[in-house]
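Please have a look at the model below.

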Amino acid sequence: MILTTLKDGFEKATSEFISLIESSNKKKHFKRYISPKKLDNNEIYDLVSVLLIIIITYVSRMYFYKNDLFLFSENWFSDFDKLSLIEQQQWFNTEYQEMGEYALISLISKFFKLSLGMSLQMFGLLQIIILSILIYFIIKNISKTNSVFFPFLTSLFLSGHFDILPNDITLIFQHRKIFTVLIILLPIFIKISKKQHFYKFRTNFILLCLSFISIALTHFASIVIIIIPFVSILFIFDNNKPIKQKITLLFSPIIIGTLILGSFIFLFEFGEFNTFFFLKNSFIEVSNYTKMGNPRFDFNTITLLVSFSSIITILINIFNNRVNFFPLILCILYLLYVNLYRTNHFLIDKNLLLPIISILTPVCAIIAVFEILLNNFKWNTSKYTESSALLILLILFFIGNHYQKTSLKHLKESNETNRQLLSVYDKIITSHLPYSYAVSNLQKAMPFSESNHFFINYHELNKTYIDKDSIFHTNRKKNDFLKKHPEATIPNSVFIFEILDLDKNISRTGFLTPENQFKENDRIINVLKSRGRDILLFMNTNRVRVYKITNKKNSSDIDKMLFYDNRFEG
């Protein structure tokens with residue numbers, strides 16, 4: 001079936017290419033081939049809704065960027081170290097943590113041309129945007145109406161209501177492995193929950209196995225926490241699938257999980273693989289602490305109400321001849337996770353369950369609205385039913401917005417210096433050729449320089465740089481001398497950092513340049529200027545100042561390297 005599809009696609013593409021070559025009016029033919037199809041009203045509404053979700057989620061989250069405490073925290077630097085390992089193609093670490101998500105962050109940094117630090121900082125925002133879009137289409141798929149308001153409001157409840165869901169504003173930029181898992185699984189789960197012909201099931205099953213593998217590499221515990229419960233519920237309640245399909249779905253995550261665990265044991269590079277410690281570390285993420293925040297409405301009450309409505313939804317689906325399996329499964333999973341969260345046991349990681357519950361709470365609430373009010377009772381024939389349900393949701397949405405304003409006003413701003421420091425590092429890294437320049441900064445800022453550029457600590461800068469500069473520029477045209485004395489070579493560009501100030505109203509420790517180093521930097525810069533070196537102020541704010549020393553023109557800045565013409569060199 002797959003080979004046939006590929007063959008048909010290849011033949012169609014070949015036919016189109018030949019007709020383009022033989023056409024007398026190639027411009028018209030090409031224009032007809034690439035001209036976009038006209039969108040119908042539903043597709044236009046979906047497109048507008050998705051754009052609004054992206055904009056609203058981005059703006060609402062970035063508004064609280066000034067309150068972020070994830071940047072330069074202990075967990076942030078731990079994640080950054082793992083990203084550096086991925087850049088060095090090291091896929092295992094002594095902490096026994098899965099590296100799949102860090103590989104994805106690294107890939108995103110290259111795709112969007114961001115530094116590793118900026119990609120790490122913004123990956124949590126990207127996760128919420130994608131989840132909000134997925135939930136929009138999930139709710140629209142579950143509903144039996146073309147209305148976009150219910151899916152749109154559900155997405156906004158997820159991305160914009162910080163005072164109802166258990167979100168800590170100061171950590172909303174922190175990425176979570178479980179969110180990546182949900183992004184991969186939700187579309188696949190919708191596919192496999194539907195009745196499928198054997199050949200279509202076989203094609204989707206290949207995608208399903210690939211998704212299971214990627215999830216095991218990202219967060220191994222999700223195989224047990226999410227996937228196995230889902231396929232088990234499907235095995236019990238789905239009578240439309242042949243028994244072979246159900247058995248295949250039930251045992252595939254177990255087999256794939258076992259194979260992935262075996263590959264970890266076989267390929268581990270740091271001595272004997274401790275299987276128990278790996279499983280414990282995957283199921284109980286000590287470093288990934290999830291803070292409840294201070295929601296205005298009691299979250300236990302909210303989960304109790306949604307649980308009660310989920311029970312009604314489950315009963316409706318069980319006693320209904322036309323069972324909607326995906327809402328049924330989501331509601332059962334929600335009840336499972338809520339009850340596990342309320343169970344006090346050392347093997348249950350509440351930090352892992354809380355993000356899942358925060359995602360499923362608005363989804364199951366809207367599912368209950370559809371199943372109870374709109375899809376299964378006689379009053380759904382009334383033309384006012386949908387409008388009434390929508391009006392109720394709008395009232396709840398705006399009430400929530402009104403009440404959360406007062407509690408969010410009391411949030412303290414976090415370290416603005418850290419954000420400026422990350423921004424200037426991102427600007428330097430993305431605009432300059434790797435290892436063509438060096439950065440001089442505090443020793444504890446050295447992790448930013450790993451796998452990207454050279455690092456000069458302040459002590460080395462003060463003691464040796466002026467002498468190295470003199471030796472290099474005296475012999476820069478003597479290739480034989482530089483080959484014999486590679487230690488005399490200095491980077492094409494050098495950035496000297498000065499951290500001028502930190503926020504005084506927070507208790508966090510940030511980067512701060514010692515007072516005596518300002519004098520040393522001034523001395524070095526004055527000496528270099530007297531020698532005619534090209535020095536400019538790369539960045540200058542009330543918190544961060546960065547000098548750029550150019551030792552070799554147009555050999556570090558990527559844009560200048562691309563457009564530089566040595567015929568105009570003076």
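This is a predicted model: local features need pLDDT of at least 70, side-chain atom pairs count only at pLDDT 80 or more; totals for chains, interfaces and linings use all residues.

Residues are numbered from 1 along each chain as its sequence is written, and side-chain values use heavy atoms, with hydrogens and water left out.

Let us begin with the chain. It holds 21 helices and 5 strands (DSSP runs numbered from the N terminus, with H or I of at least four residues for helices and E of at least two for strands). Of its 570 residues, 50% are buried (under 20% relative accessible area, with exposed over 50% and partly exposed in between, using a 1.4 Å probe and protein chains only). Among contacts (heavy atoms within 4.5 Å) with a separation of 6 or more, 73% join residues 24 or more positions apart.

Now to the helix pairs. Two packed helices are described by the angle between their axes and the distance between the axes. Here axes are lines fitted to C-alpha atoms over the stretch in contact, and angles run from 0 to 180 degrees between N-to-C directions.

| Helix pair | Angle | Axis distance |
|---|---|---|
| H3 (residues 41-62) and H6 (residues 116-142) | about 150° | 10 Å |
| H6 and H17 (residues 416-431) | roughly 130° | within 8 Å |

At about 150°, H3 is roughly antiparallel to H6 (angles over 145 degrees count as such; under 35 is roughly parallel, 65 to 115 roughly perpendicular and the rest oblique). Residues of H3 including Tyr45, Ile53 and Arg61 meet residues of H6, among them Met122, Ile129 and Lys140. By class, this contact has 13 nonpolar, 4 polar and 3 charged residues (Ala, Val, Leu, Ile, Met, Phe, Trp, Tyr, Cys and Pro are nonpolar, Asp, Glu, Lys and Arg charged, and the others, Gly among them, polar).

With H17, H6 crosses at roughly 130°, so the two are oblique. Gly117, Met118 and Gln121 of H6 touch Leu422, Ser423 and Asp426 of H17.

Finally, two residues. Leu51 sits in H3 and counts as partly exposed because its relative accessibility is 46%. Its C-alpha is 9.3 Å from that of Ile133, 82 residues apart in sequence. Is Ser109 buried or exposed? Ser109, in helix H5 (residues 100-111), is buried, because its relative accessibility is 4%. Beyond its neighbours within four places in sequence, Ser109 contacts Leu114, Ser115, Leu116 and Ser119.
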